[in-house]
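Here is a friendly walk through one protein model, moving from charged side chains to domains and then to pockets. Keep the 3D view open as you read.

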Amino acid sequence: MCGIVGAIADRDVVPVLIEGLKRLEYRGYDSAGIAVVNDRDVRRVRRTGRVAEMADAAAAEGFHASLGIGHTRWATHGGVTEANAHPHISHGIALVHNGIIENHEEQREKLGALGYAFESQTDTEVIAHLIHHHLKQGNGDLLGALQRVVKELTGAYALAVISRAEPGRMVCARMGCPLLIGLGEGENFVASDVSAVVQATRNVVFLEEGDTAEVARDGVRVYDRNDQPVERETHVSSVSLSSLELGPYRHFMQKEIHEQPRAIGDTIEATIDGGFVPELFGRNAAAVLEGIEGVQILACGTSYYAGLTARYWIEGMAGMPCSVEIASEYRYRQAYADPKHLVVTISQSGETLDTMEALKHAKSLGRAHTLSICNVPESAIPRASELVCYTRAGAEIGVASTKAFTTQLAALFQLAVVLAKLRGRLGADDEAQCLEQLRQLPGGVQQALNLEPQVVAWAEKFAAKQNALFLGRGLHYPIALEGALKLKEISYIHAEAYPAGELKHGPLALVDSAMPVVVIAPNNSLLEKVKSNMQEVRARGGELFVFADQDSNFGESEGVHVIRTPRHVGLLSPVVHTIPVQLLAYHTALARGTDVDKPRNLAKSVTVE
Ligand code: G6P
C-alpha cells in the first residue's frame with residue numbers, strides 16, 4: 001500500500017526520491033507526489049497515476065533540492081485525486097503519511113474551529129495543520145511539535161515531515177506502520193520499506209512502535225515513546241538489487257513464477273544439509289515445540305491458503321489439532337485460546353496489519369508461544385514473534401503472490417515433519433522419505449514450469465470467459481482456492497473454488513457450457529472421488545480443464561482437456577500443482593491485457609484494515 005521515502009544530502013535528492021518511489025510501486029498505489037525544501041520554501045508536485053508521470057512533471061518544473069520527501073498513496077479516505085495525494089502542506093510544513101488516523105474527524109472539527117481550511121478529504125491533512133498549530137503556539141521546534149501531535153492521534157501512522165523553517169532536517173514518527181532510517185555517508189534517508197533506499201545504503205535502523213526521530217545530513221537521533229533519546233541497532237540489509245529488477249522478464253510475476261525452483265531450493269537448504277531439526281525455527285525452538293499440543297494458524301490472502309494446506313500436513317503427520325483462521329476474523333473474536341497451542345502467523349511481507357493485530361490478539365488471550373513464517377527479514381510480525389522461520393524467496397514485487405506461497409508451503413511442510421518427529425510419530429524411514437521428497441521438490445517445480453506452452457493454449461480460451469470454477473479435494477483443495485484467487489486478482493475473471501465434493505451443494509447450478517471448470521486431480525486416494533465429481537460437471541455441459549499427474553491415468557475426450565503434471569511427489573504434490581494454476585492466471589491476464597504486476601484496486605502489503 002502507501003509508501004514513504006525521504007532524503008537529506010549534499011546532492012540533489014530528487015532523483016533519489018523518484019527512484020525510491022519507483023521501487024515502492026509494487027506495493028500498490030494510485031497517486032504519487034514529492035515535496036522539497038529549497039531556498040526556504042516548500043515546493044510540491046503530485047499526480048494521480050504512475051510515478052513516472054509525476055517525475056516528468058517534477059522535471060518540467062525544475063525540481064532540485066537537498067531535502068525532500070515522497071509518497072505513493074493507495075486511497076482510503078477520499079478518492080483518487082491530486083488534492084488527496086500526499087505530501088500535504090500546512091504553512092510551509094509538508095508531510096507524508098502511511099496508515100489511518102482514526103480520530104481525524106474530531107481533529108478536523110477542532111482545527112476548523114481554529115480557522116484551518118482543508119484542501120483534501122484525507123485523514124492525513126489534519127496532522128500537517130496540528131503540527132503548524134503547535135508551532136504557532138510556541139510549543140517547541142518541528143520535532144517537539146511532532147512529538148506532541150502524535151500523542152493526540154489515534155490509529156496507525158508512519159510519518160515523515162519537512163519544514164521550510166528547518167531546512168537542515170527531516171523528522172519522522174511511527175506507530176503501527178513500518179518506518180526505517182537509511183544511514184549514508186553525509187546523507188541520510190527515511191523509508192517505509194528498505195527497497196526504497198537500498199540503491200543508496202544498506203545500513204538501516206528500524207524504528208520501534210512510538211519512536212520519533214530527527215534525520216539530518218550528518219546524524220540521526222531517535223527518541224522512544226516517552227521522547228527520551230534511545231539507541232536502536234543498525235542492521236545491514238540483505239535485499240539484493242537483482243531481486244528488485246525485472247531482468248529479461250516481461251513482468252515481475254513471470255520472473256517470480258520462474259524463480260520458484262531457486263526460491264524453494266534456498267528455503268529448504270538448511271534441512272537438506274542438516275535434517276529436520278527444531279532449530280530451523282529459531283534457537284529456542286526445541287523447548288517450545290516439544291511442549292505444544294496444537295497449532296493455530298493466522299494469515300490473510302494467499303498466506304491463508306498456505307495455512308489451509310499446512311493443516312493437512314500437521315494433523316496428518318504430527319497428529320495434533322491445527323486450526324486455520326483468516327486474521328481479520330480472528331482478531332475480533334473471543335476465540336478459545338489454549339495456551340499449549342502454538343500460534344503460527346504466515347505473512348510474505350511481515351507487515352499485514354490484520355495479521356499483526358491477530359497476533360497481538362492471540363497474545364492478549366493468553367497464547368504464550370508464537371512462530372512467524374515470513375519472507376521479509378526484520379519486518380514487524382517476525383519481530384513480535386517468539387520463533388521465526390524466514391522463507392528465502394527473495395523480494396516479491398508482483399502484487400499476486402507466487403514464490404512466497406510455494407516457499408511458505410516448503411517451510412510449513414518442514415514444520416509438520418519437525419512436529420511429527422518431536423511427537424515420536426515419524427520413523428527413520430518416513431523421515432528419510434520426507435527428506436527425499438523435499439530434495440526432489442525444486443526439480444518437480446521446474447518440470448511443472450516446463451508445461452508453460454500447454455498452459456498458454458488454455459489461457460487463450462480462458463481469456464474470453466466471464467467466470468471460472470476451480471475444484472480440488474483434500475490437500476489440493478487449498479490449491480484450487482489459490483488458483484481461483486490468482487485468476488481473479490490479475491485477470492479480473494470471476495473465479496471461485498470449491499472442494500469437489502461440495503459441487504452438488506450449490507456451485508453445480510452455475511455449470512453450463514460457458515463455465516470452464518479447472519480440476520486439480522493428482523493420483524491420490526481421492527482421485528476416484530474427483531473423477532465422479534468431474535462426471536457431474538460433464539453431464540451439465542461444463543468444459544473440464546484437468547491438471548493430472550503422470551500416474552492419474554486420464555485421457556482427453558470431448559470437453560475434457562488434460563495437462564499432465566510431473567510424477568507424483570507425495571505429500572508435497574500441492575506445491576507442484578500450484579505452478580500450472582499460477583501460469584494459467586498469468587497467461588490469461590496477459591491475453592486480456594491487464595496490468596499483471598499491479599492489478600487494479602489491490603496492494604502488495606495491506607497495512608490498513
Ligand atoms: C495482499 C497481497 C496478497 C497477500 C496478502 C497477505 O492481499 O496482494 O498477495 O497474500 O496481502 O499478505 P502477506 O504479506 O501477509 O502474506
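This is a predicted model: local features need pLDDT of at least 70, side-chain atom pairs count only at pLDDT 80 or more; totals for chains, interfaces and linings use all residues.

**Charged pairs**

Side chains of opposite charge can pair when their charged atoms come close.

| Pair | N to O distance |
|---|---|
| Arg217 and Asp10 | 3.3 Å |
| Arg44 and Glu119 | 3.8 Å |
| Glu259 and Lys255 | 3.7 Å |

Let us take the pair of Arg217 and Asp10, whose side chains meet in a salt bridge. Arg217 sits in the loop between β12 (212-216) and β13 (220-223), while Asp10 belongs to the loop between β1 (3-8) and α1 (14-24), so this pair ties together parts that are 207 residues apart in sequence. Arg217 has a relative accessible area of 25% and is partly exposed. Asp10 reaches 68% relative accessibility and counts as exposed.

The side chains of Arg44 and Glu119 also meet in a salt bridge. Here Arg44 is part of strand β3 (residues 41-48) and Glu119 is in the loop between α3 (104-113) and α4 (125-136), so the pair ties together parts that are 75 residues apart in sequence. Arg44, at 26% relative accessibility, is partly exposed, whereas Glu119, at 57%, is exposed.

The contact between domain 2 and domain 3 takes 29 residues from domain 2 and 26 residues from domain 3.

**The largest pocket**

If you are looking for open space in the model, the largest pocket has a volume of about 830 Å³. Its lining is made up of 45 residues, and Val194, Val239, Asn375, Val376 and Pro377 lie nearest the centre. The elements that give two or more residues to this lining are β15 (235-236), α7 (260-274) and α12 (380-383).

Which domains each give at least three residues to the lining of the largest pocket? They are domain 1 (3-244) and domain 2 (252-449). Sorted by class, the lining of the largest pocket has 17 nonpolar, 15 polar and 13 charged residues.

**The second largest pocket**

The second largest pocket has a volume of about 510 Å³. It is lined by 24 residues, with Cys300, Gly301, Ala603, Lys604 and Val606 nearest its centre. At least two lining residues come from each of α9 (301-318), β18 (341-347), α11 (353-364) and α16 (477-491).

Which element gives the most to the lining of the second largest pocket? That is α9, with three residues. By class, the lining of the second largest pocket divides into 10 nonpolar, 11 polar and three charged residues.

Notes
Residues are numbered from 1 along each chain as its sequence is written. Side-chain values use heavy atoms; hydrogens and water are left out. On a 1 Å grid over the protein atoms alone, a cavity is a set of points where a 1.4 Å probe fits but cannot get out, and a pocket is an open set with protein on both sides within 12 Å along at least five of seven lines; lining residues have an atom within 4 Å of a point. Grid points are joined across faces, edges and corners, and a volume is the space filled by probe spheres set on the points. Helices (H or I, at least four residues) and strands (E, at least two) are DSSP runs, numbered from the N terminus. Ala, Val, Leu, Ile, Met, Phe, Trp, Tyr, Cys and Pro count as nonpolar, Asp, Glu, Lys and Arg as charged, and the others, Gly among them, as polar. Domain bounds come from an automatic or database domain assignment. A salt bridge is a side-chain nitrogen of Lys or Arg within 4 Å of a carboxyl oxygen of Asp or Glu. Buried means under 20% relative accessible area, exposed over 50%, partly exposed in between (1.4 Å probe, protein chains only). Contact means heavy atoms within 4.5 Å.
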